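Hi everyone, thanks for coming.

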Amino acid sequence: MNKVRGFSMHNVRPWLTRNFTIVRLTAAILIGVLFAVVIIFLISDDAGAAISKLFTGALQSKRRFGNVIELMIPLTFAGLSVSVMFKANQFNIGTEGTFYAGGAVAAMIALCVPLPPFIHPLTAILAGGFVGGLICLLVAALKVKWGTSELVTSLMLNYVVYYLFKYIMFTGSGLKDPNSGYISTYKMPEDATLGLMFTGTRIHYGLILMVLAVVLVSIYMHRTKWGYALKLTGENMTFAKYSGISVSGVILASQFIGGLIGGVGGAVQVLGMYERFQWSSLPGYGFDGIIVAILARKNPIFIPVAAFFLAYLRIGSDAMSSSTSVTNEIISIIQSIIILFVSAQVFLDSYRQRMVVREVVDRNE
Amino acid sequence: MNEALGYIFSLGFVYSILRVTTPILFATLGSVVAERAGTPNIALEAIMLFSALGGALGSGLTGSLWLGFLIAIASGLLITVMLAFFSLRLKADIILAGIALNLLGVGGTVFIMYTIIHDKGNTSSIATKTFPNLVIPGLNNVPVVGEILSGHNVLTYVAFLMVIVVWMLLFKTRLGLRIRSVGENSKAAESVGIHVERTQWIALLISGFITSLGGAFMSMGYMNGFGQNMVSGRGFIALAAAAMGQLHPVGAMFSALLFGTADAVSNVLAAARIPDELVKMIPYIVTIVGLVIYSVSMDRRKKKRVVRETRELS
C-alpha cells in the first residue's frame, strides 16, 4: 500500500483535498446512479437492457442526441436563473412561473405584434424576460420591505402566474385555435420563431442564446463589482451591510436578473421548439433548474455541464421506458438522492480529514 | 352565479370548509412542531404524497383499513427520516434537503404506483379502504350546529383534536419546553444539558407523523384512492398557514381554516361557470395576501419594540 502512496497518490492527494467538492459530487452521483441500478434489478425482468438504455440510450441515434441538446437549453437557462437568485442566499423558486410567463408573453408578441424578422423573436424574448424579471422582483420586494418568506411567496406565485397566463392564452384573449385538435394557440408566424440549426434534429438557434447567457452571467458573477457584492451578500449579509453594500439593492437586482433569465428561457423554449403556445401545465423546468444549480454549485460555467448531464439521463430514461417495463420517473429518485448527498456538508468528511492528515504526514516524511 | 352565492351562505358550505381544511390543518400543525424546534420542514408536500400513496396501496392490496393506515404513516415517516438524517446527521441545509425530497414527491410516488399496479394516473384499479364518517349521537339532531359538525370523516375530528394535542405538547410538557428552547436558542439549550440533535429528531418525527395523517386523509377520506400529484401544493400552503398562525397551534388552525375557506369557495365557483383558471388561483392569492398582511404586522411590531427599547435606554 505504501508503494502506491509513495508514487501516484503523492501528487493526486493534495489536489483532491483542495478540490474536495469534486470528490463529494462524484460520490453523490455514483450513489444516485447505483441506487437506480439496484432498483432496476429489483423490479425488472430485463434489467440489463433497461440499464444499458438508461446510460447509452441518449447516444443511440442522431435524433436522440439532438434531444439531449434540445433539453439542455431550457435546463441551462433555468439553472442560471436559480443560481443567480440562490447566490444572494434567497430561496426564491419562482423560476417555474417565470418560464411559463416568459413563454406565454413571447407567444403573445409573436402572434399579435407584427415586426420584421430577427427583430420579432428578439422583442418577444426580451418581453418574456422582462415579465419574468418582474415576477421575481415582486417576491424580492416583499422580502426586502417586510420580510415575507420568499420561499413561500414564490411557490404560491408560481401557481398564480400559471393560472393567470393559462387563462389569458387559452380563454381570455381569443388566441386559442379551436381547430388545432389539442389545447393550443394559433400558429405563430415563422419569422417570429427561432429557426433550426441542424437538420435531422430539433436543435434551434436558442443554443447560441444559451451560450450567450452563460457568458453574460459568468461575467456578471465573476468579473463585476455587482457580482462581488452578490457573493458577499449571499455569504454573510451582516458583513456585506457593514462593508457599505446596499444589501436590499443587491437582493432586488439579483432576483430581477434571475427572473429575467427564467423568462428568457421560457420564451426561447416556446419560440424554438413549438409552432404554437401549447403549455397546458407548468413545464417543470424551474424545479429542474434547482437541481442543475446545486450540481453546478451555482457556478455559471458549470451550469451547461450539469444541464447536459441531467438532459442525458432524462433522454436515456425516456429511451428506457419506451422499450422496457421500467418507467422514466426513476430519474426523480436519482436526482433527489444526488442533491441530498451533494448538499450534505459532512458527507465523506472523515474521509477528507484522513486525506488531509496523510498529506501532512507525506509532506513531513 | 346566484346559485353559487346562495350555496356559499348555506350550511353545506360550512360543512365543506371543515372537510377541505382537514389535510391543510394536519400539515400546518406538522410545520408548527418542526419550526418550533428550529428545523423547518419544507418536505410536507412529499410526506403527504407518500403517505397518501402508502394508504391507498396499503389498504387496497391488504384489504385492511388499519394496515393501510399503518403503511401510510410508515411511508410518510420514511421521507421524514430522510429529511432528518440528511439535515441533522449529514448537515445538509434543511431547506435544500426539503426541496430535494419534494422533487422526489411527484415522480417518486408515480414510479412506485406504476411499478406496483402499472398505472401512472391513479389507483382506481384497486379498492382503497376509506375511513368512515362519524355521526355524533345527540349532536346530529341539533339544528344548524349538528349539520355543520356531525357526520364528518373520523380524521377531520382527529385534525381538530390535534390542535389541542399539539398545544399541550408544546406548552405543557417537558418535551415541548425542550423543543421550543432548542428552536429559540440552540446554544443556550445545549448549555443547560438539552440534547439538541435528539430533540430536533423527535420534533421532526412528530411533524412527519402529523403530516402523514393529512396524507392518509387525502387518499382514504377526502378521495377514495391516490391520484398523480393529488396533494397539489397543500404542503406549501401549510407552510404559509403555519407562518401566519405565528407558529401557535390555535393561530395555525385559524389560518388553515382561512385557506380551507378559499379552497371551498373555489370549489363552489368552479361549479358556477366562472373560468376554471381564475377560480383555481383564489387559494394561492389568499395565501400570498395573508402572508403579506402577517409580515407587515410583524414588521410594525418589531419596529415599535425597537423604538420603545431605545426610548427606555435613553
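Okay, let's start with chain A: of its 365 residues, 50% are buried. By buried I mean that 20 or more other C-beta atoms lie within 10 Å of the residue's own, with C-beta atoms placed from the backbone; 12 or fewer is exposed, and in between is partly exposed.

Before I go on, some housekeeping. This is a predicted model, where local features need pLDDT of at least 70, side-chain atom pairs count only at pLDDT 80 or more, and totals for chains, interfaces and linings use all residues. Residues are numbered from 1 along each chain as its sequence is written, while chains are lettered from A and ligands numbered from 1 in the order in which they are written.

So what is chain A built from? It has 15 helices and 0 strands. Those are DSSP runs, H or I of at least four residues for helices and E of at least two for strands, numbered from the N terminus. The C-alpha trace of chain A spans about 75 × 60 × 35 Å along its principal axes.

Now the domains. Chain A is assigned domain 1 (8-44 + 326-365) and domain 2 (70-319); such bounds come from an automatic or database domain assignment. Their centres, over C-alpha atoms, are 30 Å apart. Where they meet, 9 residues of domain 1 are in contact with 8 of domain 2, contact meaning C-beta atoms, placed from the backbone, within 7 Å. On the domain 1 side, helix α14 (residues 330-343) of chain A gives the most, with 7 residues.

Next, the two chains together. How many residues of chain B are in contact with chain A? It's 38, against 39 residues of chain A. On the chain B side, the largest share comes from α5(B), with 14 residues. By class, that side has 27 nonpolar, 6 polar and 5 charged residues. Here Ala, Val, Leu, Ile, Met, Phe, Trp, Tyr, Cys and Pro are nonpolar, Asp, Glu, Lys and Arg are charged, and the others, Gly among them, are polar.

Last, confidence. Chain B has a mean pLDDT of 91, with 98% of its residues at 70 or more; pLDDT is the predictor's confidence in each residue, from 0 to 100. For the complex, the predictor gives an ipTM of 0.89 and a pTM of 0.90.

Note on methods
Two residues are in contact if their C-beta atoms, placed from the backbone, lie within 7 Å.
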